[in-house]
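Please keep the model open in the viewer and select each element as it is named.

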Amino acid sequence: MIAHPAVSNEAMRTYLRERKAGISPELPAPSDPLIASSKVWSAFLAVGKKVMIEHYVNDVTVPTLHGEKKDALEIKASLDWYAVFKDLSSEITGDLGFWRWVTAYTPQFFDFARWRDGSLDSWPKKEAAFGIMRLIGDSPECVALRMYRRGLICTRGSELGLWDDPREVAGTDLWRSGVLRRAIGYSPDAAAIYVKAVVQLSNEKKISLTELARLSAKRVNRLRPLFQWEAMTPNEIKTLVEGQIHTAAAELSPR
Amino acid sequence: MRTEQRTIVPFRGASAADALLDLIVFEMSIDGSAPTPAEEVERLHSDHLSALALTAKFGFSEDAVDRLAVETGIARSNMLLVLVATGNVARRSSILAKWELDKDVSDLGAHAIRPSSVGMAALGDAGGFTVTALIRLRSGLERKSLRAHVAGTVLSRRSVTFRLPQDNPGLSPIALTKELREDLGIPEHSMTFVKCDSLLENDDLTSRVSVYVDETILSELTVDTPATRQLQASLSIDIVIAMASQIHRELEEVGAVRGAFAELAKQNYSASSNFLERTCKSMRVPVDAAHKENILDWARNDPASLRAYLEHGWKVRDLTVRVMRGGEA
């Protein structure tokens, strides 16, 4: 096991509050400053920074994006974001302290997280966007972790040949209520197949993506006691998930 | 509209499948210590994560598998035993191993799982992880009443969950087992319990607070639903009340008088003072001495009022409405 840098919940909370108050604060002290400043970890920050500059900072039109366009940007960036961290063990990627450290120590990412869940001149409603946790259920709100998870799922979706560009399956609500907070999110295969099927059917049948996503999430989640997505093949998942989404679509468009 | 939450298994033989998986013993050992059977939910210190070894000992008999085939009406060759691991926070998952049940099952023996060596897999997630053994239908069958027929249907599953403490308050409740209930002197059907050690002189208050949740309920808390959020909110309220009441008691013991509690805390006990500030914010009231004083007073003399304000601040009502309307996230 390699030791990894982390920032505590409290230190991050103090840092965020000072930032909000317009004070220019010291960065939150990592739990082990020696590890955090080592070459290996500095290199991670450097690559993460590059990703955010490419996807966020350099694009002058970005600040004007709203709603789902923001999400399309996030999902595209998440592929590269995931690639930065993909070889780390889950002892590290499962530690929110690590994501707090990444968020605080990559200014371009911190700005992105603020803009993504808030705006250029307002702060996100939830401190959880910066990895500050109050309840277990807050973890899907951490932007850095969320992008890692979405990147993993989107990478798998590309491998399965479900899409050329993950922006096809952007959708804040589609992901939040259907994937990131649900058991299906544990299986990248099932999650990718699910988002693709919802988006495709919503386009084909001209049904609102949000409505179809809500109803599909309910139906698919109900299968949870009878199936374990992680133990199924993509074809098995496809049959089952697409069936549920078709039924959901039929409920929404009776004709 | 009401949503049925209970699982009704629409096929025969589920109890035979449960009985088969009950034969599995998950044994855990830390840093080479003598192996002990793991409970459904185990609490693990993060320092021990890399030294944890887990072994699934199957102990299956041919008879038990044959019985399963007869009772489900599914051929042994059409059943798979799968071992999967899922991480709670990063939510990566992986299949650890897979076996066909038509082979000689006594060959299964034991399967060793060393979380730290699985590497990229879900095991070792700093937020805790679960290892699940399950029996699934291998390929689809013709539809027949009371027989599982969709490929992938889980006939039974059994899991062991490892929880790791995190540095956030209320995040790592301890599983309330029979033994623990006896130790704590609380009755058999109790669901949650909060215990505070002395707080005033401590900088890290949350490390002094223990939260206990019934082990079965705790294993469900890893999934995020309105119902689990509601329980967490309710637990958080209990924690705040217990902590405020403990701080009140200790301030009295050091000679503080009513009306001067908050001021004394501010001067001498910064962690407790920060806690009171946070609680004001949680209640959505101004952070001032009067409100801090109120929190301390209410915790001991009128906990119902403190609860009401915290319910307001944490929107417990909205959560409850969602739970009652079918429990969808």
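Begin with the largest nonpolar core, which has 122 residues. Such a core is a set of buried Ala, Val, Leu, Ile, Met, Phe, Trp, Tyr and Cys residues joined through C-beta atoms within 7 Å; a residue is buried if 20 or more other C-beta atoms lie within 10 Å of its own, exposed if 12 or fewer, and partly exposed in between, with C-beta atoms placed from the backbone. Select A144(A), Y194(A), V195(A), V198(A) and V241(A), the residues with the most contacts inside this core. Helix α10 of chain A, residues 188-205, gives the most to this core, with nine residues. Helices (H or I, at least four residues) and strands (E, at least two) are DSSP runs, numbered from the N terminus.

The model is a predicted one, in which local features need pLDDT of at least 70 and side-chain atom pairs count only at pLDDT 80 or more, while totals for chains, interfaces and linings use all residues. Residues are numbered from 1 along each chain as its sequence is written, and chains are lettered from A and ligands numbered from 1 in the order in which they are written.

**Chain A: α10 and α12**

Next, centre on V241(A). Leaving aside residues up to four places away in sequence, V241(A) touches A190(A), I193(A), Y194(A), A197(A) and V220(A); contact requires C-beta atoms, placed from the backbone, within 7 Å. Now display α10(A) together with helix α12 of chain A, residues 234-252: the two pack at an angle of about 35°, with their axes 9 Å apart. Axes are lines fitted to C-alpha atoms, for helices over the stretch in contact, and angles run from 0 to 180 degrees between N-to-C directions. On the α10(A) side, the contact includes D189(A), L201(A) and K205(A), and on the α12(A) side it includes P234(A), E242(A) and A249(A).

**Chain A: α6**

Move to helix α6 of chain A, residues 96-105. Among the buried residues are F98(A), W99(A), W101(A) and Y105(A). The buried residues of α6(A) pack against α1, α2, α3, α5, α7 and α8 of chain A.

In chain B, select strand β8, residues 129-137. Nine of its nine residues are buried, so β8(B) is largely enclosed by the rest of the structure. One side carries F129(B), V131(B), A133(B), I135(B) and L137(B), the other T130(B), T132(B), L134(B) and R136(B), and all are buried. F129(B) stands opposite F162(B) in β9(B).

**Chain B: an open sheet**

Finally, select the open sheet of four strands in chain B, ordered β2-β1-β4-β7 with antiparallel pairing. Strands β2 (36-37) and β7 (110-113) stand at the edges with a single partner strand each, so one side of each is left without a neighbour in the sheet. Strands β1 (residues 25-30) and β4 (residues 52-57) of chain B pair over six bridges, and S29(B) has A53(B) as its bridge partner in β4(B).

Conventions. Contact = placed C-beta atoms within 7 Å. Pairing = 2+ DSSP bridges.
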